[in-house]
Amino acid sequence: MTRVAEHGYDVVVLGAGPVGENVVDRARAAGLSVAVVESELVGGECSYWACMPSKSLLRPAIARSDARKVPGLRQLVQGPLDAAAVLAHRDYYVSDWKDDGAVRWLDSTGARLYRGHGRLSGDRKVAVEGFEGDRHLLSARHAVAVCTGSRAALPELPGLTGARPWTSREATSSHHVPGRLIVVGGGVVAAEMATAWQALGSRVTVLVRGKGLLSRMEPFVGEHVAAALTERGAEIRTGSDVTAVVRDGGAGPVTVVLEGGDRVEGDEVLFATGRAPRTDDIGLETVGLEPGSWLPVDDTLRVTGSDWLYAVGDVNRRALMTHQGKYQARIAGAAIAARAAGTTLQETDRWGAHSATADHAAVPQVVFTDPEAASVGLSLAEAERAGHRVHAVDLDLSGVAGAGLYADGYRGHARMVVDLDRETVLGVTFVGPGIGELLHSATVAVAGEVPIERLWHAVPAYPTLSEAWLRLLEAYRDGAGAS
């Protein structure tokens, strides 16, 4: 019989991705002892199968596209991308799927890493089944933080399992470029991976159930991205419901069957149809919660109804993005430390150290398509549904001097949504080449609730793309009264 070793810590963290790492960092900075349990690679989804590999695949595609719009340079970059070099560069950024560097950082914090499968086993307890047959029972004096993230959610379709579909993991880690790639979905993963693999040489077909791409953003965003993909040879089919997938023997060409009987054939099929929480086998039933469920939390990231269990990052479904999970981790770590020390929390301050207010009011997102898309805060439709009295200002970015210098034939659009009662910015959306780096200024304006009259004094340098801010403010000044 294998002996179970028992250990006590102030905090136990389930999951050593970016979110878990940040909880560890904040708890250790407060002098708390910490154990972290990881069943895969330290560094998590973002480091090996999401943010880093996807952006390393996309960067050459976007750089080539930008270069082709610059006089004196375009003629030098007309050939195909060196796919082997791009994939090798991707492998470098994911450290060839080895986590030695991440483990060294974790060790430097003084936290104890347990490799294996961790499951809650009752109040403030986590049981760990180690990879080498070792077993541990960890107890937490102050908190257990569930930071296990999410996984790709596949629909239940005839033939799908045997067809070996790509999910986001295969799409970011493949070592071959499929001749024909079918992408099922219209969200961020679908749009980014369609962009990346088309640039690497795949003939891409995107099947979207709804009316267009990136439907959670302002409508003009998906229109710009779809137009660019189509111009480069992709086929985008909206209103397409997939009813079955056929791949004989799990090898060779794959066929996607659509409602109505149409069939689309490809060499690989990527299903980018949503995410599910990785909570199905972490012992939630031992603490009265439903396995496989999203975990509702308050603004300190503590699970509803518990005084010791926290759910941080994707598992709480508030904002499924790495940077937002890391933000939550900083808030949760500060709250855990304050409660451990018996300090009064700043819960009454919605922008205080212990309240994840940005999850509601100022979530930033960049979609690394070509053109890029970026947004923060509320869209016009969201602001109206929330009952705000608003005015939306739209701007054709091609009229900004910096846009013409950035690229010949620059095409882009911006929208600023203003709360008329408070004269503050509720949300901003951009789409266009190079606009990802514009977003943080918008995030500061939204999170800081900066009055419009003060934004006039934030002078954008000429001739940069940031001059879009001046044009948006001018348009608001000239048109707000018509709302």
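This is a predicted model: local features need pLDDT of at least 70, side-chain atom pairs count only at pLDDT 80 or more; totals for chains, interfaces and linings use all residues.
Local features are taken where pLDDT is at least 70 and side-chain atom pairs where it is 80 or more, while totals for chains, interfaces and linings use all residues. Residues are numbered from 1 along each chain as its sequence is written, and side-chain values use heavy atoms, leaving out hydrogens and water.

Two packed helices are described by the angle between their axes and the distance between the axes. Axes here are lines fitted to C-alpha atoms, for helices over the stretch in contact, with angles from 0 to 180 degrees between N-to-C directions.

Helix 1 packs with helix 9 (residues 322–341) at an angle of about 25°, the axes being 8 Å apart. The two are therefore roughly parallel (angles under 35 degrees). Their crossing is right-handed, the near helix being turned clockwise from the far one by less than a right angle. On the helix 1 side, P18, V19, N22, V23 and R26 meet T322, G325, K326, A329, R330 and G333 of helix 9 (contact means heavy atoms within 4.5 Å). These residues divide into four nonpolar, four polar and three charged; Ala, Val, Leu, Ile, Met, Phe, Trp, Tyr, Cys and Pro count as nonpolar, Asp, Glu, Lys and Arg as charged, and the others, Gly among them, as polar.

Now look at helix 5 (residues 100–109), whose axis comes within 10 Å of that of helix 1, crossing at roughly 20°. Helix 1 and helix 5 are therefore roughly parallel too, but this crossing is left-handed, with the near helix turned anticlockwise. Here E21, V24, D25 and R28 of helix 1 meet A102, W105, L106 and T109 of helix 5, a set of four nonpolar, one polar and three charged residues.

Next comes helix 4 (residues 83–93), with A83, V86, L87, R90 and D91 buried (under 20% relative accessible area, with exposed meaning over 50%, using a 1.4 Å probe and protein chains only). They lie on the same side of helix 4 because they cover an arc of only 140° around the axis, taken from the directions to the C-beta atoms. These buried residues pack against helix 3 (51–67), helix 6 (168–173) and helix 7 (188–199). The face turned away carries the exposed A84 and Y92. Just after helix 4, S95 has a positive phi of about 55°.

Finally, T255 sits in strand 11 (residues 254–258) and is buried, at 12% relative accessible area. Beyond its neighbours within four places in sequence, T255 contacts A244, V245, V246, R263, V264 and E265.

Notes:
Helices (H or I, at least four residues) and strands (E, at least two) are DSSP runs, numbered from the N terminus. Angles under 35 degrees count as roughly parallel, over 145 as roughly antiparallel, 65 to 115 as roughly perpendicular and the rest as oblique.
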